[in-house]
Amino acid sequence: MAAIEISGVSKRFGDVTALQNLDLTVEEGEVFGFLGPNGAGKSTTIDILLDHVRPTVGSAQVFGHDTQAASVPVRERTGVLPEGYGALGRMTGRTHLEFALQAKRAEGDPQAILDRVGIAEAGDRRVEDYSKGMKQRLMLGMALAGDPDLLILDEPTTGLDPNGARRMRQIVQAEADRGTTVFFSSHILEQVEAVCDRVGILNQGELVAVDTIDGLREAAGATGQLHVTMSSIPDGLVETIEQRGGVTSVAVEGTTLAVGCENAAKGAIVADCYEAGTVENVETSETSLEDLFVSYTGGEN
Ligand SMILES: Nc1ncnc2c1ncn2[C@@H]1O[C@H](COP(=O)(O)OP(=O)(O)OP(=O)(O)O)[C@@H](O)[C@H]1O
C-alpha cells in the first residue's frame with residue numbers, strides 16, 4: 001500500500017490556484033523530497049494531507065485512509081514538523097513532548113527525545129525562551145514522538161546550525177532505516193540530495209517532475225563534466241572524443257581535457273584517454289540538483 005496517494009487534487013483560494021490537478025504517490029519506506037519555488041503549493045499539499053485544508057477537487061489518502069473522512073487515523077500514524085513556530089506554546093520543552101506523546105497515545109521518554117534532537121539540557125526551560133534552532137529541534141522531537149510511520153517535514157532545517165542540520169539528516173536516515181516514510185519539503189537542495197530516494201518538483205501548483213535525482217538528470221538531458229589530466233594531450237584524442245555519442249563539448253586546458261558529456265559516456269572517454277597516453281588524474285562531476293531545479297522551474301524568481 002502506498003504511504004501517500006494524491007489523486008487529481010486542485011486547490012483554489014479565491015482567484016489563486018495553489019494546486020492544479022496534482023497526482024502523486026509516495027511508497028511506504030521512501031524518503032521523498034518535495035521541492036518547488038516559493039508559492040509553488042508545497043505547504044498547501046502538506047495541509048491537505050493533514051486535513052488542515054480541503055481540496056477544491058480530488059482526494060488524498062495516507063496509508064489507505066482518506067485524509068478527510070479518516071483524518072484521526074492519519075494523524076495517529078503521522079509525525080509533522082510544520083513550517084513556522086505556531087505549534088509551540090509557553091510550556092517547557094519537556095511538557096511539549098509529554099503532550100505530543102499523549103496526543104499519539106504513545107509511551108515514550110521525553111528526555112530520550114530531548115537527547116536525540118540535541119537539546120538534552122533545555123527540557124525544563126520555557127519554549128518561548130528557546131532560540132530558533134532550539135525551537136526547530138523541539139518541533140522535530142514532537143514530530144518523532146510515538147515513532148510515526150509517516151514523517152512530514154516542512155522546511156526542517158530552518159534556523160538550524162550546521163550541527164543541527166547534520167543531526168536532522170542523521171535522524172531522517174535513521175527513521176528511513178527503521179522503515180518510516182519521510183515526506184520532506186526543503187529549499188536546501190544539498191540536504192535533499194543527501195537523504196532523498198526520489199524528488200518531486202512542483203511549479204505554480206503543477207508537478208513538473210517526479211523521479212530519482214539521477215532520473216531527473218537523464219530526463220533533463222543534463223550533462224556532467226569530466227576532467228582528465230594527462231602528461232600531454234596526444235594528437236587526435238580530442239577528435240576521437242568529439243565523435244563519441246553523448247559528448248557535448250571538449251576543451252583543452254593545459255594538459256587537462258574538459259569534457260561535457262552524459263554520465264553513460266564517461267567510461268568510454270576515460271578508456272580513450274588511457275589508450276592514447278598517460279593519464280595522471282580523472283575528476284568527474286554531475287549536474288547539481290540546483291541546476292536541475294532551475295531547469296524545471298524556469299528560474300525566473
Ligand atoms: N489560506 C490561503 N489563502 C489564500 N491563498 C493562499 C492560502 N494558502 C496558500 N495560499 C496561496 O497558495 C499558493 C501556494 O502557497 P503554499 O504556501 O502552498 O506554497 P509553498 O510552496 O509552500 O511556498 P514556500 O516555499 O514559500 O513556503 C500561494 O500563491 C499562496 O499565496
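Start by selecting helix H10 (residues 266–276), which lies across S11, S13 and S14 and runs at about 10° to S11. Axes here are lines fitted to C-alpha atoms, for helices over the stretch in contact, with angles from 0 to 180 degrees between N-to-C directions. Helices (H or I, at least four residues) and strands (E, at least two) are DSSP runs, numbered from the N terminus.

Before going further, two notes on reading along. Residues are numbered from 1 along each chain as its sequence is written. This is a predicted model, in which local features need pLDDT of at least 70 and side-chain atom pairs count only at pLDDT 80 or more, while totals for chains, interfaces and linings use all residues.

Four of them form an open, antiparallel sheet in the order S12-S13-S11-S14; strands pair if DSSP finds at least two bridges between them. At the edges, pairing on one side only, are strand S12 (247–253) and strand S14 (279–285). On average, neighbouring strands of this sheet are turned by 15° against each other, direction ignored. Zoom in on strand S11 (residues 224–230) and strand S13 (residues 256–261): six bridges join this antiparallel pair.

**Leu 237**

Next, select Leu 237 in helix H9 (residues 237–242). Is Leu 237 buried or exposed? Leu 237 has 20 other C-beta atoms within 10 Å, so it is buried. The cut-offs are 20 or more other C-beta atoms within 10 Å for buried, 12 or fewer for exposed, and partly exposed in between, with C-beta atoms placed from the backbone. Leaving aside residues up to four places away in sequence, Leu 237 touches Asp 272, Cys 273 and Ala 276; contact means C-beta atoms, placed from the backbone, within 7 Å.

**The largest core**

Move on to the largest nonpolar core, which has 61 residues; Phe 32, Leu 140, Ala 143, Ile 152, Val 182, Phe 183 and Phe 184 touch the most other members. Helix H5 (residues 132–144) gives the largest share of this core, seven residues. A nonpolar core is a set of buried Ala, Val, Leu, Ile, Met, Phe, Trp, Tyr and Cys residues joined through C-beta atoms within 7 Å. Show Ala 143 with Gly 79, Val 80, Leu 81 and Leu 151, which it touches when residues up to four places away in sequence are not counted. A second, separate core has 11 residues, including Met 230, Leu 237, Cys 261 and Ala 265.

Select helix H3 (residues 93–103) and colour its buried residues: Gly 93, His 96, Leu 97 and Ala 100. They line one face of H3, because seen down the axis they fall within an arc of 95°, the arc being that of the directions from the helix axis to the C-beta atoms. Their cover includes helix H4 (110–116) and H5.

Then do likewise for helix H11 (residues 289–297), where Leu 289, Leu 292, Phe 293 and Tyr 296 are buried. These residues cover an arc of only 100°, which puts them on the same side of H11. Just after H11, stop at Gly 298, with a positive phi of about 85°.

**Zooming out**

Finally, show the whole chain, with its 11 helices and 14 strands. Colour domain 1 (2–217) and domain 2 (223–285), bounds that come from an automatic or database domain assignment. Their C-alpha centres lie 43 Å apart.

Note on methods
Two residues are in contact if their C-beta atoms, placed from the backbone, lie within 7 Å.
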